[in-house]
Amino acid sequence: MALPKIETPVYKLKLPSNGKTVDYRPFLVKEEKILLTAMEGAKKLKGIEFANSVRDVIIHIISNCTNGEVDGYKLPAFDVDFLFLNIRAKSRGEIIEPSFTCNQAKKGGEEGEVCGTVDKFSVKIDDIKVEFPKEDKSKIMITDDIGVQFKFLSTEELKVHDKEEDNIEKMFKIIIDSIDYVFDKEGVYKGDETSKGELVEFVGNLNEDVFDRIKEFFDQQPTLKHVVHYKCSKCGYKEEVTLEGLEDFFGFA
């Protein structure tokens with residue numbers, strides 16, 4: 001006689017980037033095993049290799065839990081983080097407990113000595129949102145008639161540049177790839193239909209003021225964010241602590 005089948009609930013969630021509704025289930029023991037195994041193996045890695053290893057596993061789990069309907073590599077990073085956060089909430093509880101270490105100077109201690117008390121604080125996952133810039137800076141006007149519209153790159157598109165060691169070169173390549181389209185009075189020129197050489201020349205001819213506004217768009221990318229009103233249980237030190245990205249919420253770094 002076959003063992004009984006366990007019904008797994010299915011939930012709906014709107015992606016922050018485009019409002020599209022996706023169906024997902026909690027991750028199960030098999031996904032938990034994948035995550036734990038990967039985290040154990042990733043301990044030997046550092047920096048970008050560690051981050052990519054964890055990111056790959058998260059995207060794999062997202063694919064499993066959406067019945068293959070969602071390809072995390074096609075989503076911007078903040079969609080991946082938000083979806084995984086909610087999958088985790090339905091799997092292991094609606095509360096997470098990030099830890100904080102009090103770095104306030106220890107009263108009566110020697111110079112440089114800190115309190116060091118470690119406290120955990122409960123955070124409701126429903127309270128954690130993707131924070132977008134207050135002002136949409138994705139459209140940059142270069143002149144009164146010419147402008148450029150930028151897009152959020154997918155995880156797959158960003159990953160292409162991970163091996164670029166020159167940070168300046170990497171920044172320029174990401175800017176080029178993020179051009180959705182250029183427009184003027186005559187029409188719209190799509191980035192993916194324009195040669196890289198033309199785009200490189202176009203960006204290279206921008207003045208410093210325009211380039212500063214472009215950098216603002218990249219400096220203010222949407223991200224998971226939540227403020228915790230921290231108070232040390234021992235010395236009473238108070239501080240607002242901003243949690244940002246999956247690394248802060250789950251200690252993946």
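**A guided tour**

Begin by selecting Thr66, which counts as buried because its relative accessibility is 3%, where buried means under 20% relative accessible area, exposed means over 50%, and partly exposed lies in between, with a 1.4 Å probe and protein chains only. The model you are looking at is predicted, so local features need pLDDT of at least 70 and side-chain atom pairs count only at pLDDT 80 or more, while totals for chains, interfaces and linings use all residues. Residues are numbered from 1 along each chain as its sequence is written, and side-chain values use heavy atoms, with hydrogens and water left out.

Thr66 sits in the loop between helix H2 (47–65) and helix H3 (77–92); helices (H or I, at least four residues) and strands (E, at least two) are DSSP runs, numbered from the N terminus. If residues up to four places away in sequence are not counted, Thr66 touches Asp23, Tyr24 and Leu83, a contact being heavy atoms within 4.5 Å.

**The whole chain**

Zoom out to the protein chain, which holds eight helices and 13 strands. Its C-alpha trace spans about 70 × 60 × 35 Å along the principal axes, and 36% of its 253 residues count as buried. Among the contacts in the chain with a separation of 6 or more, 61% are between residues 24 or more positions apart.

**The open sheet**

Next, select strands S7, S12 and S13, which form an open sheet in the order S7-S12-S13 with antiparallel pairing; two strands pair if DSSP finds at least two bridges between them. Strand S7 (129–131) and strand S13 (238–244) stand at the edges with a single partner strand each, so one side of each is left without a neighbour in the sheet. From one strand to the next, the twist averages 45°.

How many bridges pair S7 with strand S12? There are three between S7 and S12 (residues 223–231), in the antiparallel sense, and in S12 the bridge partner of Lys129 is Lys225. S12 and S13 are joined by seven bridges and run antiparallel, with Lys231 standing opposite Lys238 in S13. These two strands form a hairpin with six residues between them, and Gly236 in the turn has a positive phi of about 80°.

Stay with S12 and pick Thr223, which lies in this strand and is buried, with a relative accessible area of 15%. Leaving aside neighbours within four places in sequence, Thr223 is in contact with Phe78, Lys129, Val130, Glu131, Glu244 and Gly245. Then show helix H3, which lies across S7 and S12 and runs at about 60° to S12.

Finally, select helix H5 (residues 167–177) and helix H6 (residues 196–204), whose axes come within 10 Å and cross at roughly 110°. Axes are lines fitted to C-alpha atoms, for helices over the stretch in contact, and angles run from 0 to 180 degrees between N-to-C directions. That makes H5 roughly perpendicular to H6, a term for angles of 65 to 115 degrees, whereas under 35 counts as roughly parallel, over 145 as roughly antiparallel and the rest as oblique. To see where they touch, show Phe172, Ile175, Ile176 and Asp177 in H5, which meet Lys196, Leu199, Val200 and Val203 in H6.
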